[in-house]
Amino acid sequence: STQSTWGNEIGEDGAEKISNGLRHVPNLQELYINGNIIGANGTRKLFDSIHHLLNFRTLGIGGNGIGDSGADSISEGLRNCPNLQSLDIRDNDILEGGTSKISNALIHVPNLQMLDISGNGIGENGANSISEALRHVPNLKILNIGNNDIGEVGADKISYGLIYVPNLEKLDIMGNGLGENGANKISDALHFVPKLQTLDISVNGILNNPIGLDRIPNLRV
(Lines give C-alpha, C1' and ligand atoms only; values in the text may rest on other atoms or scores of the structure.)
Protein backbone atom coordinates (compact mmCIF):
# COMPACT_ATOMS: atom_id res chain seq x y z
CA SER A 1 0.00 0.00 0.00
CA THR A 2 0.99 3.64 -0.49
CA GLN A 3 0.71 6.84 1.53
CA SER A 4 1.29 10.21 -0.17
CA THR A 5 1.23 13.70 1.32
CA TRP A 6 3.27 15.36 -1.42
CA GLY A 7 3.58 19.17 -1.23
CA ASN A 8 1.06 19.85 1.53
CA GLU A 9 3.40 21.76 3.87
CA ILE A 10 2.34 19.63 6.82
CA GLY A 11 5.36 20.70 8.85
CA GLU A 12 6.78 19.08 11.96
CA ASP A 13 3.37 18.56 13.58
CA GLY A 14 2.03 16.82 10.52
CA ALA A 15 5.07 14.55 10.41
CA GLU A 16 4.37 13.55 14.01
CA LYS A 17 0.78 12.67 13.16
CA ILE A 18 1.91 10.55 10.22
CA SER A 19 4.46 8.88 12.47
CA ASN A 20 1.73 7.96 14.94
CA GLY A 21 -0.36 6.54 12.12
CA LEU A 22 2.44 4.35 10.78
CA ARG A 23 2.15 2.16 13.86
CA HIS A 24 -1.21 0.96 12.55
CA VAL A 25 -0.25 0.17 8.94
CA PRO A 26 2.53 -2.44 9.18
CA ASN A 27 2.04 -3.46 5.54
CA LEU A 28 2.69 0.02 4.12
CA GLN A 29 5.36 -0.22 1.43
CA GLU A 30 5.58 3.31 -0.01
CA LEU A 31 5.61 6.71 1.71
CA TYR A 32 5.90 10.02 -0.16
CA ILE A 33 6.26 13.08 2.03
CA ASN A 34 8.18 15.35 -0.35
CA GLY A 35 7.91 19.13 -0.10
CA ASN A 36 6.33 19.36 3.32
CA ILE A 37 8.81 21.44 5.32
CA ILE A 38 9.01 18.87 8.10
CA GLY A 39 12.59 19.86 8.97
CA ALA A 40 15.02 17.92 11.14
CA ASN A 41 12.61 17.45 14.05
CA GLY A 42 9.83 16.20 11.81
CA THR A 43 12.24 13.76 10.19
CA ARG A 44 13.25 12.43 13.60
CA LYS A 45 9.61 11.96 14.60
CA LEU A 46 8.81 10.22 11.33
CA PHE A 47 11.63 7.75 11.69
CA ASP A 48 10.60 6.94 15.24
CA SER A 49 7.89 4.73 13.70
CA ILE A 50 9.54 3.42 10.54
CA HIS A 51 10.46 0.19 12.30
CA HIS A 52 6.75 -0.71 12.45
CA LEU A 53 6.69 -1.10 8.65
CA LEU A 54 7.58 -4.71 7.97
CA ASN A 55 8.19 -4.52 4.22
CA PHE A 56 8.94 -0.85 3.62
CA ARG A 57 10.36 -0.28 0.12
CA THR A 58 10.02 3.35 -1.00
CA LEU A 59 10.64 6.65 0.78
CA GLY A 60 10.26 10.08 -0.80
CA ILE A 61 11.34 12.77 1.65
CA GLY A 62 12.84 15.37 -0.68
CA GLY A 63 12.40 19.12 -0.32
CA ASN A 64 11.89 19.17 3.43
CA GLY A 65 14.82 21.23 4.66
CA ILE A 66 16.03 18.45 6.92
CA GLY A 67 19.68 19.56 6.91
CA ASP A 68 22.57 17.78 8.56
CA SER A 69 20.55 17.00 11.72
CA GLY A 70 17.78 15.36 9.73
CA ALA A 71 20.40 13.28 7.94
CA ASP A 72 21.25 11.82 11.35
CA SER A 73 17.68 10.56 11.71
CA ILE A 74 17.66 9.09 8.21
CA SER A 75 20.95 7.30 8.73
CA GLU A 76 19.72 5.79 11.97
CA GLY A 77 16.34 4.93 10.48
CA LEU A 78 17.82 3.05 7.53
CA ARG A 79 18.92 0.38 9.98
CA ASN A 80 15.24 -0.55 10.24
CA CYS A 81 14.56 -0.60 6.48
CA PRO A 82 16.41 -3.67 5.14
CA ASN A 83 14.01 -4.03 2.19
CA LEU A 84 14.21 -0.40 1.02
CA GLN A 85 14.51 -0.10 -2.75
CA SER A 86 14.00 3.61 -3.41
CA LEU A 87 15.28 6.63 -1.44
CA ASP A 88 14.54 10.19 -2.58
CA ILE A 89 16.24 12.80 -0.37
CA ARG A 90 16.76 15.54 -2.95
CA ASP A 91 16.83 19.27 -2.12
CA ASN A 92 17.34 18.96 1.64
CA ASP A 93 20.52 20.96 2.32
CA ILE A 94 22.23 17.98 3.92
CA LEU A 95 25.64 19.13 2.59
CA GLU A 96 28.77 16.97 2.82
CA GLY A 97 28.38 16.13 6.51
CA GLY A 98 24.87 14.79 6.12
CA THR A 99 25.88 12.94 2.96
CA SER A 100 28.62 11.15 4.86
CA LYS A 101 26.14 9.99 7.52
CA ILE A 102 23.61 8.70 5.01
CA SER A 103 26.32 7.08 2.88
CA ASN A 104 27.59 5.14 5.88
CA ALA A 105 24.07 3.83 6.47
CA LEU A 106 23.59 2.44 2.95
CA ILE A 107 25.16 -0.78 4.14
CA HIS A 108 21.80 -1.47 5.83
CA VAL A 109 19.81 -1.22 2.55
CA PRO A 110 21.57 -3.69 0.21
CA ASN A 111 18.50 -3.96 -2.06
CA LEU A 112 18.43 -0.25 -2.92
CA GLN A 113 17.69 0.37 -6.61
CA MET A 114 17.14 4.14 -6.71
CA LEU A 115 18.97 6.94 -4.90
CA ASP A 116 18.23 10.62 -5.53
CA ILE A 117 20.48 12.90 -3.52
CA SER A 118 20.43 15.80 -6.00
CA GLY A 119 20.42 19.45 -4.98
CA ASN A 120 22.04 18.96 -1.59
CA GLY A 121 25.34 20.81 -1.95
CA ILE A 122 27.34 17.68 -1.20
CA GLY A 123 30.54 18.93 -2.88
CA GLU A 124 33.54 16.79 -3.77
CA ASN A 125 33.78 15.30 -0.27
CA GLY A 126 30.14 14.22 -0.40
CA ALA A 127 30.77 12.71 -3.82
CA ASN A 128 33.58 10.69 -2.29
CA SER A 129 31.24 9.44 0.44
CA ILE A 130 28.64 8.37 -2.12
CA SER A 131 31.28 6.69 -4.28
CA GLU A 132 32.58 4.60 -1.38
CA ALA A 133 29.04 3.66 -0.33
CA LEU A 134 28.10 2.31 -3.77
CA ARG A 135 29.87 -0.95 -2.90
CA HIS A 136 27.00 -1.66 -0.48
CA VAL A 137 24.20 -1.24 -3.06
CA PRO A 138 25.17 -3.47 -6.01
CA ASN A 139 21.59 -3.58 -7.32
CA LEU A 140 21.37 0.19 -7.83
CA LYS A 141 19.72 1.11 -11.14
CA ILE A 142 19.18 4.86 -10.80
CA LEU A 143 21.59 7.40 -9.29
CA ASN A 144 20.83 11.13 -9.29
CA ILE A 145 23.54 13.40 -7.91
CA GLY A 146 22.74 16.44 -10.04
CA ASN A 147 23.23 20.04 -8.89
CA ASN A 148 25.66 19.29 -6.10
CA ASP A 149 28.81 21.26 -7.00
CA ILE A 150 31.00 18.17 -7.00
CA GLY A 151 33.33 19.54 -9.68
CA GLU A 152 36.07 17.68 -11.52
CA VAL A 153 37.44 16.07 -8.35
CA GLY A 154 33.99 14.81 -7.35
CA ALA A 155 33.46 13.40 -10.83
CA ASP A 156 36.71 11.49 -10.48
CA LYS A 157 35.50 10.04 -7.16
CA ILE A 158 32.14 8.99 -8.62
CA SER A 159 33.82 7.38 -11.60
CA TYR A 160 35.74 5.03 -9.29
CA GLY A 161 32.51 4.04 -7.52
CA LEU A 162 30.74 2.96 -10.71
CA ILE A 163 32.58 -0.35 -10.64
CA TYR A 164 30.34 -1.40 -7.74
CA VAL A 165 27.01 -0.81 -9.54
CA PRO A 166 27.10 -2.85 -12.76
CA ASN A 167 23.30 -2.80 -13.03
CA LEU A 168 23.08 1.00 -13.24
CA GLU A 169 20.65 2.12 -15.96
CA LYS A 170 20.39 5.86 -15.32
CA LEU A 171 22.96 8.39 -14.08
CA ASP A 172 22.11 12.06 -13.61
CA ILE A 173 25.13 14.21 -12.87
CA MET A 174 23.95 17.48 -14.42
CA GLY A 175 24.83 20.93 -13.10
CA ASN A 176 27.96 19.97 -11.19
CA GLY A 177 30.67 22.07 -12.80
CA LEU A 178 32.46 19.00 -14.13
CA GLY A 179 34.10 20.70 -17.06
CA GLU A 180 35.53 18.61 -19.86
CA ASN A 181 38.07 16.89 -17.59
CA GLY A 182 35.38 15.76 -15.15
CA ALA A 183 33.13 14.61 -17.98
CA ASN A 184 36.00 12.59 -19.41
CA LYS A 185 36.49 10.93 -16.01
CA ILE A 186 32.86 9.80 -16.08
CA SER A 187 33.09 8.71 -19.70
CA ASP A 188 36.19 6.63 -19.05
CA ALA A 189 34.34 4.69 -16.32
CA LEU A 190 31.22 3.85 -18.30
CA HIS A 191 32.51 0.41 -19.20
CA PHE A 192 31.78 -0.49 -15.58
CA VAL A 193 28.05 0.10 -16.21
CA PRO A 194 27.21 -1.75 -19.44
CA LYS A 195 23.46 -1.53 -18.82
CA LEU A 196 23.42 2.30 -18.71
CA GLN A 197 20.60 3.68 -20.87
CA THR A 198 20.32 7.30 -19.71
CA LEU A 199 23.11 9.76 -18.87
CA ASP A 200 22.59 13.45 -18.10
CA ILE A 201 25.79 15.49 -17.92
CA SER A 202 24.24 18.73 -19.12
CA VAL A 203 24.96 22.18 -17.64
CA ASN A 204 28.54 21.24 -16.84
CA GLY A 205 30.52 23.58 -19.06
CA ILE A 206 31.32 20.87 -21.61
CA LEU A 207 32.23 22.18 -25.05
CA ASN A 208 33.27 18.91 -26.66
CA ASN A 209 31.46 15.64 -26.07
CA PRO A 210 33.67 13.07 -24.30
CA ILE A 211 34.68 10.09 -26.40
CA GLY A 212 32.61 6.95 -25.88
CA LEU A 213 29.22 8.51 -25.15
CA ASP A 214 27.73 7.69 -28.53
CA ARG A 215 26.59 4.27 -27.26
CA ILE A 216 24.25 5.81 -24.64
CA PRO A 217 20.67 5.75 -26.05
CA ASN A 218 19.46 8.71 -23.98
CA LEU A 219 22.22 11.27 -23.62
CA ARG A 220 21.96 14.88 -22.44
CA VAL A 221 25.12 16.96 -22.70
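**Exercise 1.** At what angle do helix α3 and helix α4 pack, and how far apart are their axes?

*Solution.* The model is predicted: local features need pLDDT of at least 70, side-chain atom pairs count only at pLDDT 80 or more, and totals for chains, interfaces and linings use all residues. Residues are numbered from 1 along each chain as its sequence is written, and side-chain values use heavy atoms, without hydrogens and water.

Step 1. Locate the helices: α3 covers residues 67–77 and α4 covers residues 95–105.

Step 2. The angle is about 5°, with the axes 8 Å apart.

Step 3. Classify. α3 is therefore roughly parallel to α4 (angles under 35 degrees).

**Exercise 2.** Which residues make the contact between α3 and α4?

*Solution.* Step 1. Apply the contact cut-off: heavy atoms within 4.5 Å.

Step 1. From α3, take Asp68, Ala71, Asp72, Ile74 and Ser75. From α4, take Gly97, Gly98, Lys101, Ile102 and Ala105.

Step 2. Sort them: four are nonpolar, three polar and three charged. Gly counts as polar here.

**Exercise 3.** Describe the whole protein.

*Solution.* Step 1. Count elements: seven helices and nine strands.

Step 1. Check the radius of gyration, taken over C-alpha atoms. It is 17 Å, which agrees with the value near 17 Å for a compact globule of 221 residues.

How values were computed
Axes are lines fitted to C-alpha atoms, for helices over the stretch in contact, and angles run from 0 to 180 degrees between N-to-C directions. Helices (H or I, at least four residues) and strands (E, at least two) are DSSP runs, numbered from the N terminus. Angles under 35 degrees count as roughly parallel, over 145 as roughly antiparallel, 65 to 115 as roughly perpendicular and the rest as oblique. The radius of gyration is taken over C-alpha atoms; the globule rule is 2.2 Å times the number of residues to the power 0.38.
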